[in-house]
Amino acid sequence: MAKIGINIATGSLQQAEMIVGIDLGTTNSLVAIIHPETKLPTALREFDGSSIVPSVVHFDAYGNVQVGEQAKPYLESDPKNTIFSAKRLMGKSYKDIQTHQDFFAYKVIDDNTESLVKVQVGNKFYSPIELSSYILEELKKRAEHILKTPVTKAVITVPAYFNDAQRQATRDAGKLAGLDVLRIINEPTAASLAYGLGLDPAEEKTIAVYDLGGGTFDISILKISNGVFEVLSTNGDTYLGGDDLDRAIIEYWLKQFAIDNLDQHIELKQQLRLAAEQAKIALSTKDVFETKFGGETISITKQVFENLIHPIVQKTINCCTNAMRDAGLKAIDINTVLMVGGSTRVPLVKQTVATFFNQPVNDSVNPDEVVALGAAVQADILAGNNVSMLLLDVTPLSLGIETMGGLMDVLLPRNSKIPTQAGRQYTTQKDAQSGINIAVFQGERDLVKDNRKLGEFTLKGIPSMPAGLPKVEVTFLINADGILQVKAKELRSGVTQSIDIKPQYGLTDDEVEQRLLDSITHAKSDIAMRALVVASTEAAQLLAVTEKFLAKNAVILTQAELLETAGAMQALQLAITMEDKDLIQTKTEELNDISRPFAERAMDQAISGALKGKDIQQI
Ligand code: ADP
Ligand code: MG
């Protein structure tokens with residue numbers, strides 16, 4: 001029976017619960033929905049019109065937590081207790097960020113370099129997941145206040161290069177904030193959706209998404225076909241953004257107006273930083289900016305500003321060059337260039353990007369909001385309001401398990417559309433083997449040792465059976481967020497075991513790229529290696545079978561035959577040790593030739609024995 005809800009605040013009948021779209025940004029975060037009346041993606045706004053919540057969390061001495069605009073002033077006045085850029089720490093170990101330690105004004109714990117980072121505030125420790133959850137909680141609260149209805153379901157965006165660990169961390173942060181995260185989607189994919197790209201299943205397009213935010217720069221080249229968004233390449237700089245533009249202005253002012261070192265004057269330093277950001281924003285639409293600082297007038301012209309930031313903008317263009325090279329594309333192949341992130345409002349940025357791609361850029365959707373708006377479009381599709389659409393993403397690297405000899409057996413090839421499922425049957429190597437180890441790997445190389453291990457588990461309780469008899473079905477299931485579940489089931493007995501893969505660390509996008517490159521450069525040696533492993537495995541099996549045969553049937557062989565067999569076995573063993581594929585194959589053949597007649601003889605004996613009415617001997 002359907003339940004009808006009544007909105008207590010308004011007394012009206014409540015609509016089906018809204019799924020919100022959330023841009024959880026490094027600098028700023030916000031929530032958007034599809035407006036129930038206009039059906040247009042719309043950012044949620046406070047009465048003052050603001051949609052953006054700075055991604056800043058402040059903890060006071062009494063344990064109170066402040067988030068957003070109220071927390072921002074503490075960045076200068078109470079830096080040790082004020083957390084910014086928590087997104088940079090998601091799913092990371094200290095090892096991952098140690099070269100950027102100076103960037104964080106708060107304490108990032110470095111006692112155990114192998115585990116995930118924590119942040120110390122006073123005598124408390126917070127994980128990046130908890131820190132992000134404070135921001136999400138604030139966004140949820142705001143949304144509920146504005147919509148006057150509970151908000152419990154959300155789509156959250158992440159950078160395209162976020163790995164499994166970072167995606168899982170984002171999902172966990174949502175859970176902690178009381179949100180059911182229905183889907184994690186890539187920021188450039190969201191931006192495309194906000195522009196209405198990919199909504200027509202017949203459309204095929206290649207797009208560049210240029211995202212310059214507060215502290216990060218991302219360029220993504222996407223291909224959309226049949227509603228599938230494929231990330232062709234990503235590039236960027238995780239320490240380059242609007243903050244660098246502000247800093248350039250501050251340095252200019254310090255020099256130009258001979259302002260003393262402000263390190264001892266936190267108030268003044270803060271004031272100057274705010275003035276610099278104001279100047280930058282003003283210069284996006286004006287030619288000069290002027291303000292008062294310490295009783296004096298300071299100013300900057302657009303011309304000076306553009307000269308200052310030219311090298312910064314050029315850096316982003318270098319990243320674009322790399323991304324295009326990796327995607328194997330030229331400017332002419334790009335159908336649309338989308339501008340995302342507050343810093344793309346700077347005219348010089350727009351011009352430079354337009355020149356690079358040799359076409360006008362698309363900036364008609366508010367660049368601060370475009371990612372959240374796209375998340376709202378996705379949320380609406382999930383709510384079933386836009387049933388014609390099915391959005392798919394793809395797996396960046398192949399997924400498989402380790403099989404005999406350390407070989408990678410791929411179940412899901414790279415670029416599989418997700419959600420997806422694949423299964424394959426395996427069996428045991430030894431008699432009465434009661435457990436089978438399932439080790440899951442990601443990568444393109446033939447040997448698992450060259451790929452990345454995602455996790456492993458043991459299927460236990462397989463009933464005693466001869467080697468090769470149990471049928472173990474391994475299934476890979478990737479849900480729409482790209483999170484992998486691996487299940488193993490022994491079909492004869494029904495014993496089952498499964499894990500969700502939540503790796504401790506993921507790969508950086510550089511590592512993904514490196515792995516793909518490796519798989520190409522090593523393709524030849526990998527094929528040779530695989531052939532060797534297959535030959536050795538077969539040989540080892542033949543040796544085991546022969547040994548077993550001899551243990552039972554030595555009596556039917558002559559002394560000479562026994563010697564010949566032992567010699568052939570030794571030769572094969574030696575060939576395996578020498579890792580000589582051709583020799584292994586020759587020696588395998590030889591042993592086979594010698595032992596085949598024995599098996600026939602044993603069979604004949606058994607049969608003639610049976611004819612004589614004696615017991616049949618099992619071989
Ligand atoms: P993120 O995605 O990293 O969370 P945003 O996309 O919200 O960040 O971008 C924030 C940055 O955009 C800040 O550095 C801010 O100063 C800058 N910004 C916002 N509006 C303008 C503008 N009109 N001109 C130039 N920069 C702007
Ligand atoms: Mg952003």
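Mentor: Buried means under 20% relative accessible area, exposed means over 50%, and partly exposed is in between. The model here is predicted.

Trainee: Is Phe-356 buried, exposed or partly exposed?

Mentor: The relative accessible area of Phe-356 is 25%. Buried needs under 20% and exposed needs over 50%, so a value in between takes the middle class. Phe-356 is therefore partly exposed.

Trainee: Is Phe-357 buried or exposed?

Mentor: For Phe-357 the relative accessible area is 1%. The limit for buried is under 20%, so Phe-357 is buried.

Trainee: What kind of aromatic pair do Phe-356 and Phe-357 form?

Mentor: The count of aromatic pairs comes to 12. In the pair of Phe-356 and Phe-357, the rings are 4.8 Å apart centre to centre, with 90° between the planes. Planes over 60 degrees apart count as edge-to-face, so this pair is edge-to-face.

Trainee: Which residue lies over the face of Tyr-239?

Mentor: Tyr-239 belongs to a cluster linked by ring pairs, together with Phe-84, Phe-103, Phe-104 and Tyr-106. At 4.3 Å from the ring centre of Tyr-239, over its face, lies Arg-88.

Trainee: How many residues of helix 10 are buried?

Mentor: Helix 10 covers residues 370-382 and has 13 residues. Its buried residues include Val-370, Leu-373, Gln-378 and Asp-380. Helix 10 is mostly covered, and the number buried is 12 of its 13 residues.

Trainee: What does helix 10 reach from its first C-alpha to its last?

Mentor: At 1.5 Å a residue, 18 Å is expected. Helix 10 comes close to that, and its reach is 19 Å.

Trainee: Which residue with a positive phi follows helix 10?

Mentor: The phi in question is near 85°. The residue that follows helix 10 with this phi is Gly-384.

Methods: Residues numbered from 1 in each chain as written. Chains lettered and ligands numbered in written order. Predicted model: local features only at pLDDT ≥ 70, side-chain atom pairs only at ≥ 80, totals over all residues. Heavy atoms only, no water. Phe/Tyr/Trp six-rings, centres within 6.5 Å; stacked < 30°, edge-to-face > 60°. Buried < 20%, exposed > 50% of the residue type's maximum accessible area, 1.4 Å probe, protein only. Lys NZ or Arg CZ within 6 Å of the ring centre and 35° of its normal. Helix = DSSP H or I, 4+ residues; strand = E, 2+ residues; numbered from the N terminus. Expected span 1.5 Å × (residues − 1).
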